[in-house]
Amino acid sequence: MSHSPNPHAEPLPTDQELVLKVIPMPADCNANGDIFGGWVMAQVDLAGAVLPARHARGRFATIAVNQFIFKHPVKVGDILSFFSRVQRIGNTSITVQVEVFAERFSSQGEYMKVTEATLTYVAIDKDGKPRAIPKD
């Protein structure tokens with residue numbers, strides 16, 4: 001069995017859904033040449049909204065970022081894979097976990113978790129007020 005040169009390499013999750021793939025570009029960099037944390041946060045918010053959209057069946061909004069951990073920097077050219085799973089469905093809110101894995105340009109086929117976050121979304125009506133999430 002060959003060993004990866006990347007000590008942070010790990011398998012992709014099998015208990016979550018792949019909800020987004022994106023490649024950051026040079027315009028998304030900070031002064032250090034890494035991708036802006038805020039850019040990653042925006043992508044996580046988009047990815048996190050995929051599963052709640054199935055349950056909310058209508059408008060919903062991000063109500064909280066409960067946790068956000070940057071584990072490793074994101075580089076230009078990384079292929080980012082965003083995996084999500086529903087943690088909790090309440091009366092009006094849905095909490096999801098999002099994990100972001102980077103496939104480095106220089107080591108294709110190897111993945112490392114670069115970010116993980118927990119976000120809560122709330123179903124809202126046409127006036128922006130919380131509303132009940134339909135029960136299946």
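How many bridges join strand 3 and strand 4, and in which sense do the two strands pair? Strand 3 and strand 4 pair in the antiparallel sense, over ten bridges. Here two strands count as paired if DSSP finds at least two bridges between them.

Before going on, a word on the model: it is predicted, so local features need pLDDT of at least 70 and side-chain atom pairs count only at pLDDT 80 or more, while totals for chains, interfaces and linings use all residues. Residues are numbered from 1 along each chain as its sequence is written, and side-chain values use heavy atoms, leaving out hydrogens and water.

**The overall layout**

The protein has two helices and five strands, arranged along the sequence as β-α-α-β-β-β-β. Helices (H or I, at least four residues) and strands (E, at least two) are DSSP runs, numbered from the N terminus. Of the 136 residues, 45% are buried, where buried means under 20% relative accessible area, exposed over 50% and partly exposed in between (1.4 Å probe, protein chains only).

**The sheet and its helix**

The five strands form an open sheet in the order 1-3-4-5-2, with antiparallel pairing. Strand 1 and strand 2 are the edge strands, each pairing on one side only. On average, neighbouring strands of this sheet are turned by 25 degrees against each other, direction ignored. Helix 1 packs on the sheet and touches strand 1, strand 2, strand 3, strand 4 and strand 5; its direction makes about 60 degrees with that of strand 5. Such axes are lines fitted to C-alpha atoms, for helices over the stretch in contact, and angles run from 0 to 180 degrees between N-to-C directions. Contact means heavy atoms within 4.5 Å.

The buried residues of helix 1 are Trp-39, Val-40, Gln-43, Val-44, Ala-47 and Gly-48. What covers them includes these elements:

| Element | Residues |
|---|---|
| Strand 1 | 17-22 |
| Helix 2 | 50-56 |
| Strand 2 | 60-70 |
| Strand 3 | 79-89 |
| Strand 4 | 93-103 |
| Strand 5 | 111-123 |

Ser-81 lies in strand 3 and is buried, with a relative accessible area of 1%. Leaving out residues up to four places away in sequence, Ser-81 touches Leu-18, Leu-20, Lys-21, Glu-99, Val-100, Phe-101 and Tyr-111. A polar contact of 3.1 Å joins the side chains of Ser-81 and Lys-21; the term means a pair of N or O atoms within 3.5 Å, and within protein one must be able to donate a hydrogen and the other to accept it, with residues adjacent in sequence counting only if both atoms are side-chain atoms. Phe-82 stands opposite Val-100 in strand 4.
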